[in-house]
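Welcome! Please take a moment with the sequence and the 3D view, and then let us walk through the structure together.

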Amino acid sequence: MSSLEALWVQPYDRPGAAVVTGVFDILHVGHVRYLGAVAARGLPLVVGVEDDPRVRAWKGPTRPLNPAAERAEVLAALRFVAGVFIVTGPPEAHGPEDYIDLLAPMSPRALAHTAGDPHAGARAAAAAILGADCWEMEAIPGRSTTRIVNAAGKG
């Protein structure tokens, strides 16, 4: 049994969606293009937003800038997003087995990530175990929350 849970903000309870997970701290054009490209492949898009304690443990005490509930609300407002959930659980639960247990009840048809994702291998392994496709999507160069935060700090 996984130590991760999905807290649904915009429920989606049908099998066969494309699922992505991430922080999505400050929604920017890179996120919108990435999520739009996943949705354009024709499956309903379900997005998992990492909760605040998990993000803080991974990115430091100043992150996230926006609370998980608000990040999820913004994502749910995108017309091509069918469902949104918050990934909650201990920060150390980030291996493929944790996400397999979290996502299995959703019966995803695809898991998507951006090119260059350091967890791409684990995501591909999880997709294979779940019987889902693994989609590697093009990253949008120069577009990241970290870049925005760093630029704002120089302002």
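Let us begin with Leu 75. Setting aside its neighbours within four places in sequence, Leu 75 is in contact with Phe 24, Leu 27, Leu 35, Val 47, Val 49, Val 81 and Val 84; contact here means heavy atoms within 4.5 Å. Before going further, a word on the ground rules: this is a predicted model, in which local features need pLDDT of at least 70 and side-chain atom pairs count only at pLDDT 80 or more, while totals for chains, interfaces and linings use all residues. Residues are numbered from 1 along each chain as its sequence is written, and side-chain values use heavy atoms, with hydrogens and water left out.

## The nonpolar cores

Leu 75 also belongs to the largest nonpolar core, which has 22 residues; Leu 75 is among the members that touch the most others, along with Val 20, Leu 35, Val 38, Leu 45, Val 47 and Trp 135. A nonpolar core is a set of buried Ala, Val, Leu, Ile, Met, Phe, Trp, Tyr and Cys residues joined through side-chain atoms within 4.5 Å. Buried means under 20% relative accessible area, exposed means over 50%, and partly exposed lies in between (1.4 Å probe, protein chains only).

Which elements give two or more residues to this core? They are β2 (18–22), α1 (29–39), β3 (45–50), α3 (68–76), β4 (83–88), β5 (110–114) and β6 (133–137). Of these, α1 gives the most, with four residues. The names come from DSSP runs numbered from the N terminus: helices are H or I with at least four residues, and strands are E with at least two. There is also a second, separate core of 18 residues, including Val 46, Leu 103, Met 106 and Ala 126. In soluble globular proteins, nonpolar side chains tend to be buried together.

## Two helices that pack

Two packed helices are described by the angle between their axes and the distance between the axes. Helix α4 (residues 96–103) and helix α5 (residues 120–130) pack at an angle of about 40 degrees, and their axes are 9 Å apart. The axes are lines fitted to C-alpha atoms, for helices over the stretch in contact, and angles run from 0 to 180 degrees between N-to-C directions. The two helices α4 and α5 are therefore oblique to each other; angles under 35 degrees count as roughly parallel, over 145 as roughly antiparallel, 65 to 115 as roughly perpendicular, and the rest as oblique.

Which residues meet where α4 packs on α5? From α4 come Pro 96, Ile 100 and Leu 103, and from α5 come Ala 122, Ala 126, Ile 129 and Leu 130. The residues of this contact divide into seven nonpolar, no polar and no charged. In this count Ala, Val, Leu, Ile, Met, Phe, Trp, Tyr, Cys and Pro are nonpolar, Asp, Glu, Lys and Arg are charged, and the others, Gly among them, are polar.

Leaving out residues up to four places away in sequence, Leu 130 touches Ile 100, Leu 103, Ala 104, Pro 108 and Leu 111.

## Backbone details in the loops

Most residues other than glycine have a negative phi, and most peptide bonds are trans. Phe 24, in the loop between β2 and α1, has a positive phi near 55 degrees. Phe 24 counts as buried, at 7% relative accessibility. Ser 107 sits in the loop between α4 and β5 and has a positive phi near 45 degrees; at 39% relative accessibility, Ser 107 counts as partly exposed. A cis peptide bond joins Arg 63 and Pro 64, with omega about 0 degrees, and Pro 64 is found in the loop between α2 (52–59) and α3.

## Pairs separated along the chain

The table lists some residue pairs with their separation in sequence and their C-alpha to C-alpha distance.

| Pair | Apart in sequence | C-alpha to C-alpha distance |
|---|---|---|
| Pro 105 and Pro 15 | 90 residues | 8.6 Å |
| Ala 115 and Glu 136 | 21 residues | 5.6 Å |
| Tyr 12 and Val 81 | 69 residues | 9.9 Å |
| Leu 130 and Val 55 | 75 residues | 25 Å |

Pro 105 lies in the loop between α4 and β5 and is exposed, with a relative accessible area of 67%. Ala 115, in the loop between β5 and α5, counts as partly exposed at 35% relative accessibility. Tyr 12, in the loop between β1 (5–10) and β2, counts as buried at 11% relative accessibility.
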